[in-house]
Amino acid sequence: MPSPYTPQPHHRFTFGLWTVGNIGRDPFGEPVRAPLSPVQIVHLLAEVGAYGVNLHDNDLVPIDATPGQRDRIVAAFRQALAETGLVVPMATTNLFSHPVFKDGAFTSNDPRVRAFALQKTMRAIDLGAALGAQIYVFWGGREGVETDAAKDPVLAIHRTREAMNFLCEYVLDQGYDLRFALEAKPNEPRADIYNATTGHMLAFIATLDHPEMVGVNPEVAHEHMAGLNFLHNVAQAWEAGKLFHIDLNDQAFGRYDQDFRFGAVNLKAAFFLVKFLEDVGYAGSRHFDAHAYRSEDEAGVKDFARGCMRTYLILKEKAAAWNADPEIQALLAEIHQDDGSAAPFLGAYNRARADDLKAATFDYQALAARGLRYERLDQLTIELLLGVR
Ligand code: DIG
Ligand code: MN
Ligand code: MN
């Protein structure tokens, strides 16, 4: 019997080619690991037990590849997928590495760059669809400014909307079974990035011509960079029917984008996130958009990938234990008790209800005096996570 922490395909754990393929370059240092080919990465992910592999167009096909080179690269990648059984649930476009995108892609002040970005994205969508992807992520890493003198933020919104509407129409025209997932980040590599958080993206989606095709891809690190509660943002996306994908990793608040191993920093936050995803029955990929420490060799990269999945599965088991813990559940029942006395006043508005409520008497001093037992509840949660319950 495999360990309960052994990843299985039904767990839907995925990694981008760029994650376990990260060679450890950072702004202050050269690469520390030899590059792995996409085929090598597929086999590495199969070895550690991943379900799928995601990719930017240029993670697989270099931007300057000839059509013949492209075909050979894609054929070898397909062969590796066939040999390992890995699938490609998500694809995306690299609209941030090449210098042509130094001032953005869809929001660039140069209309030729905006047109090139659309062309590149359509071709990347074709590649993703051909590989079976059903989610297409947009992360606008360069869609921002260092100085607001350079770009009108309203014009940036219009340009982004025009691009998204164009690409939604393209997907419909091509007949692809593909939905878009927009990924927010507040800054880095630009000093400020437009649509900085998942909340901004949810508001932006509502202004599109085909909002039903577009959801979000929240990332732990990016919402933490903005100092936000990731669970709340995921819950709002879920409640809106827009949680199409999720980027799992970890991140200290107030730091650069660390993309740490899942659960490596904020274990309690990771627990409540896993509990939420499992409680609501989130059926999408558990995508680890993260990378190993720069200190690691290839063996360490595998430790990183295994750690992401093991921590998720351990926290999934802890969530089930929390839901079954008699003392925790008794406390929750006490906390959420309802004597029914407020029932006549709550719910949809009507005149009679409003009049009755205005006429009602509340002993708000007594209500204020009630202790809510959250300290005990949180302590029990901590002790469950510490393994003493
Ligand atoms: C960074 O968090 C971004 C890019 O890696 C990619 O476009 C997206 C896919 O998950 N995440
Ligand atoms: Mn990130
Ligand atoms: Mn990401």
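1. Contact here means heavy atoms within 4.5 Å. By that rule, and leaving aside neighbours within four places in sequence, Leu45 is in contact with Phe15, Val20, Ala50, Gly52, Val53 and Leu86.

2. On the basis of the numbers: this is a predicted model, in which local features need pLDDT of at least 70 and side-chain atom pairs count only at pLDDT 80 or more, while totals for chains, interfaces and linings use all residues. Residues are numbered from 1 along each chain as its sequence is written, chains are lettered from A and ligands numbered from 1 in the order in which they are written, and side-chain values use heavy atoms, with hydrogens and water left out.

3. The protein chain is divided into domain 1 (9-322) and domain 2 (326-385), with bounds that come from an automatic or database domain assignment. Taken over C-alpha atoms, the centres of domain 1 and domain 2 are separated by 40 Å. Their contact takes 7 residues from domain 1 and 9 residues from domain 2.

4. A nonpolar core is a set of buried Ala, Val, Leu, Ile, Met, Phe, Trp, Tyr and Cys residues joined through side-chain atoms within 4.5 Å. Buried means under 20% relative accessible area, exposed over 50%, and partly exposed in between (1.4 Å probe, protein chains only). The largest nonpolar core has 90 residues, of which Phe15, Leu45, Phe77, Phe180 and Phe262 touch the most other members. Helix α11 (residues 298-324) supplies the largest share of this core, 10 residues. At least three residues of the core come from each of domain 1 (9-322) and domain 2 (326-385). Another core, of 5 residues, lies apart from it and includes Met90, Ile135, Val137 and Phe244.

5. Helices (H or I, at least four residues) and strands (E, at least two) are DSSP runs, numbered from the N terminus. Rings of Phe, Tyr and Trp (its six-membered ring) pair if their centres lie within 6.5 Å; planes under 30 degrees apart count as stacked, over 60 as edge-to-face and the rest as tilted. The count by this rule is 16 aromatic pairs. Phe13 and Phe288 form a tilted pair, because their ring centres are 5.5 Å apart and their planes stand at 40°. Phe13 lies in strand β1 (residues 13-16) and Phe288 in strand β10 (residues 286-288), so this pair ties together parts that are 275 residues apart in sequence. Both Phe13 and Phe288 are buried.

6. The pair of Phe96 and Trp139 is edge-to-face, because the ring centres are 4.8 Å apart and the planes are at 70°. It links distant parts of the chain, 43 residues apart: Phe96 is in the loop between β3 (90-92) and α5 (111-130), and Trp139 is in strand β4 (residues 135-139). Phe96 is buried, with a relative accessible area of 15%. One aromatic cluster is formed by Phe13, Phe15, Phe262, Phe288, Phe304 and Tyr312.

7. Donors are N, O and S atoms within 2.8 Å of the metal (3.2 Å for Na, K and Ca); water is not among the atoms, so sites may look incomplete. Glu219 bridges the manganese ion (ligand 2) and the manganese ion (ligand 3), which lie 4.6 Å apart. Glu219 and His222 are both buried.
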